[in-house]
Amino acid sequence: APAASASDRQFLVLTTPDFVVISALNEKKTRRIALDVANFQAIVQLVTSTRDLKPRVPTRIYALSTNDWGDYAQPTQNTAGIFSDSMFTNDMVLDAQNEFMDTYRIVFHEYMHYVMRNAGTFGYPAWYSEGLAELLSTVRFSDDEVSVGLAVDCRRGHPR
């Protein structure tokens, strides 16, 4: 059973038509995650053949603090997000305070795993699934443009 203090925690719950964000972050950051994912959905429809992004089962995004991430998600080293699907739910869990990676990169990467699994029954090979998720995790929004396929900061200057 989780520690007693876990039940005393206050999490924000933000519900959209397509997903629920459950967050240990403040309201502004939680709303930003929801807005970024909603904008990202439109980009996914532009750059892939996927047109129907409506979830077949409830989809939840857990935005954890770094402490909760380490304590409860128990990730492997260098992991900042996890996507888990089942017959009954889709869950994305992320370290929303990761010091090495921006939150939007993590959630976009995990969201692409959702898109590929939600689109049908075909199982993509790991190299394709991870590659497409990594490519689209680089999406950046500004006031008047969207950039896709930018070099990831931690990979700049590294040989292929």
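In what order do the strands of the open sheet lie? I looked this up in a predicted model. I found 5 strands in the order β1-β2-β3-β5-β4. The pairing is mixed.

Next I checked the edges. They are β1 (12-15) and β4 (81-85), and each pairs on one side only. I then looked at how neighbouring strands are turned against each other. On average the turn is 15°, with direction ignored.

Strand β2 (residues 20-23) and strand β3 (residues 59-64) run in the parallel sense, with 4 bridges between them. I traced S23 across to β3, and its bridge partner there is A63.

Then I turned to the helices on the sheet. α4 touches β3, β4 and β5 (90-95). The direction of α4 makes about 160° with that of β5. I found α2 lying across β1, β2 and β3, at about 30° to β1.

How far apart are the axes of α2 and α4? I noted 10 Å for helix α2 (residues 27-47) and helix α4 (residues 103-118). Their packing angle is about 50°. The crossing of α2 past α4 is right-handed.

Last, I listed who makes this contact. From α2 come I33, D36, V37, F40, Q41 and V44. From α4 come T103, Y104, V107, F108, Y111, M112 and V115. I sorted the contact by class: 10 residues are nonpolar, 2 are polar and 1 is charged.

Conventions. Residues numbered from 1 in each chain as written. Predicted model: local features only at pLDDT ≥ 70, side-chain atom pairs only at ≥ 80, totals over all residues. Heavy atoms only, no water. Axes fitted to C-alpha atoms, helices over the stretch in contact; angles between N-to-C directions. Helix = DSSP H or I, 4+ residues; strand = E, 2+ residues; numbered from the N terminus. Left-handed = near helix turned anticlockwise from the far one by under 90°. Contact = heavy atoms within 4.5 Å. Nonpolar A, V, L, I, M, F, W, Y, C, P; charged D, E, K, R; others polar. Pairing = 2+ DSSP bridges.
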